[in-house]
There are 2 protein chains.
Amino acid sequence: MTDSINDLLPEGLADRLPPLAGQAAHIARAMLDRMDSHGYDRVHPPLIEFEKSLAGRMDGVQPRQMFRFVDPRSLRMLALRSDMTVQIGRIAATGLAAAPRPLRLCYAGPVARMTGDQLDPSRENMQLGAELIGRDNVAAAAEMVCLAIEALKAAGASGISVDFTLPDLVDTLAREALPLAGGQIDAVRRELDAKDAGGLRDAGGEAYVPLLYATGPFDEAIEKLAAIDAGGALASRIAGLREIAARAAGKARLTLDPSERHGFEYQSWFGFTLYAEGVRGVLGRGGTYHIHGADEPATGFSLYPEQLAEALAGTAEPRPRLFLPLGHDTDTAARLRETGWRTVAALDESDDPATLGCTHRLDGSAPVAV
Amino acid sequence: MTDSINDLLPEGLADRLPPLAGQAAHIARAMLDRMDSHGYDRVHPPLIEFEKSLAGRMDGVQPRQMFRFVDPRSLRMLALRSDMTVQIGRIAATGLAAAPRPLRLCYAGPVARMTGDQLDPSRENMQLGAELIGRDNVAAAAEMVCLAIEALKAAGASGISVDFTLPDLVDTLAREALPLAGGQIDAVRRELDAKDAGGLRDAGGEAYVPLLYATGPFDEAIEKLAAIDAGGALASRIAGLREIAARAAGKARLTLDPSERHGFEYQSWFGFTLYAEGVRGVLGRGGTYHIHGADEPATGFSLYPEQLAEALAGTAEPRPRLFLPLGHDTDTAARLRETGWRTVAALDESDDPATLGCTHRLDGSAPVAV
């Protein structure tokens, strides 16, 4: 066995071993199967694109996080994707521009970034999601919230909760009901993000303070938000949230944090965050948005199933393994595999069922417990 | 819709769209399911490793093909993997060094290289495979050949053929039966690769010329090879090939090309190449080898399923799609999905079943053809 620097992996990059890797694959399949059953067609963009193309669709700080390198063919800069949503937007605007709308697409694949962060030190993740291109109405938002919950449940998650938000809340209020001077908007947003009532008052956002308290379990929080909305500027949004919540009722715990913006830099009127019991951190996010450069509405969500895999890995039952001795009948073994048995064939006399983790052994034509 | 340079993808990198992307995912699942049923556990190495670690395990020309970039964390060179087999070898020698042998592992994921070649201009491919760590005997080789055939069939391939080779043939013969001067070995290998009888004679490899004719359908070619093997230097290899062929008989067309070395730079005594009807080029390769740096025998194979996906994409039946009108009963829809229906829900009045490619429409509680 070797034991050198070459056996190490770079910080934030890791092997997933059995049974965790199998669990993660199983979870991804279950999620994709739910998306497929709701009519979402699989697309598969490449790992690598021109840096400008990826970065140009991200308009934010994320592009700086991409691994970049020169293309020996084009001599242009390439980047390893750090997000797949922008790729789906590009596909919708190019290769599938002529496909009928609404267009339902799903995807799964690895994404990478140059540095991890405090919440998640990993530099490579599995991203998986569904996008509904051409619609950002309440029905689209409700379909996406329900589909995300269904996908998480199919993958084995329990105690799911969904936190709703209104990403363009401050813009909407400042424009219509609670006017702010141009320079004040950013300060008000910042203090809302910090959930700092004093700071909010100091920034001239006194009227926005009640938003900090319109949070918590959905049914109560939405009433508080409706009470703030004296001018009716949020009426359609509040009605939309109520309709989405009605569709998702009984499927997950629903909460509202109307001024939450973290992770919703690209979303328009609606956003949601997914959590599950026993899983550290956020399992996924979604919402309504406009596809960059194509001015087309869309609704979608992304899931990051690896934390769920880790949470579930400990709970999975070990699967039965059937040892096939030397000289076993291969037709019998094939028939048993067809009925769900997992087999492990002996390759020489030294192969031992117990050492190989087998729970059963083929005796003639029948499995017997080891 | 945009239409700029940023909508283009770099040469050799492409989106896979519906239905091809779905077909490729379906194929990969079917293959991995077969591997799983034979006791192969999933592992999932990272996309990126230290360049030295990946390259050090490849000992060949391939490392030059990897995309490379500096790690801002370690300030060392990183590389995007161009092959996953070396990663599985590293895992076997490190994280799973203490796991019992034989160790059965399978994997799937994207690999990338800086430039394509004439046979395959693509710079990103899906690689998928199984490795049997700790054994390189005839039983291991036969298991791998049969598993590869089974995986291809499960994925929908037909007319499968397997071409056997003996990667260390010249070394073995030159050492024992048909001596060559040190300087001649490379020339003899080169002329065998070129299948050039005249060149072979000129290089002093007259005795090797009959190898060029010991090719073709397995049963005939193996007799020719046995006839050449006057000194018995190949006796154990020939017996091994016959045993593997007996195990695979009736499952695929078997051929022999004993001096074929292309693609078998790392293999030891046995190698095989997989083809299927209607699929351009090689579908996969496998054989016996030693894990770099760990001096452990192993047998494995890799499949590149994308060409198979392309070949099958045209033949797949379009799947039924059930349109769910506005206000449909969501419990009924959920029940139909459970029984295998794929649904597409209306999101507003303008959504039309025919435009959305739906074959059926939910009428009350029953699907009716559109």
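Modeller: Start with helix 8 of chain A and helix 9 of chain A, which are roughly antiparallel to each other (an angle over 145 degrees; under 35 is roughly parallel, 65 to 115 roughly perpendicular and the rest oblique). This is a predicted model, where local features need pLDDT of at least 70, side-chain atom pairs count only at pLDDT 80 or more, and totals for chains, interfaces and linings use all residues. Residues are numbered from 1 along each chain as written, chains are lettered from A and ligands numbered from 1 in the order written, and side-chain values use heavy atoms, without hydrogens and water.

Biologist: At what angle do the axes of helix 8 and helix 9 of chain A cross?

Modeller: Roughly 170°, and the axes of helix 8 (residues 218–228) and helix 9 (residues 235–248) of chain A come within 11 Å. Axes are lines fitted to C-alpha atoms over the stretch in contact, with angles from 0 to 180 degrees between N-to-C directions. Helices (H or I, at least four residues) and strands (E, at least two) are DSSP runs, numbered from the N terminus.

Biologist: Which residues make the contact?

Modeller: F218(A), I222(A), E223(A), L225(A) and A226(A) of helix 8 meet I238(A), L241(A), R242(A) and A245(A) of helix 9, contact meaning heavy atoms within 4.5 Å.

Biologist: Now the sheet. What is the strand order in chain A?

Modeller: The order is 1-5-6-12-11-10-7-9-8, an open sheet of nine strands with mixed pairing. Two strands pair if DSSP finds at least two bridges between them. Strand 1 (41–42) and strand 8 (216–217) of chain A are the edges, each pairing on one side only.

Biologist: Is strand 10 of chain A buried or exposed?

Modeller: Eight of its nine residues (267–275) are buried, so strand 10 of chain A is largely enclosed by the rest of the structure. Buried is under 20% relative accessible area, exposed over 50%, partly exposed in between (1.4 Å probe, protein chains only).

Biologist: How many bridges join strand 10 to strand 11 of chain A?

Modeller: Five, and the two strands run antiparallel. G271(A) has G287(A) in strand 11 as its bridge partner. Strand 7 (residues 161–165) of chain A also pairs with strand 10 in the antiparallel sense, over five bridges.

Biologist: Over to chain B. Which residues of helix 11 are buried?

Modeller: In helix 11 (residues 330–338) of chain B, T332(B), A333(B), L336(B) and R337(B) are buried. The face turned away from that side carries the exposed residues D331(B), R335(B) and E338(B).

Biologist: What follows helix 11 of chain B?

Modeller: Just after it, G340(B) takes a positive phi of about 110°.
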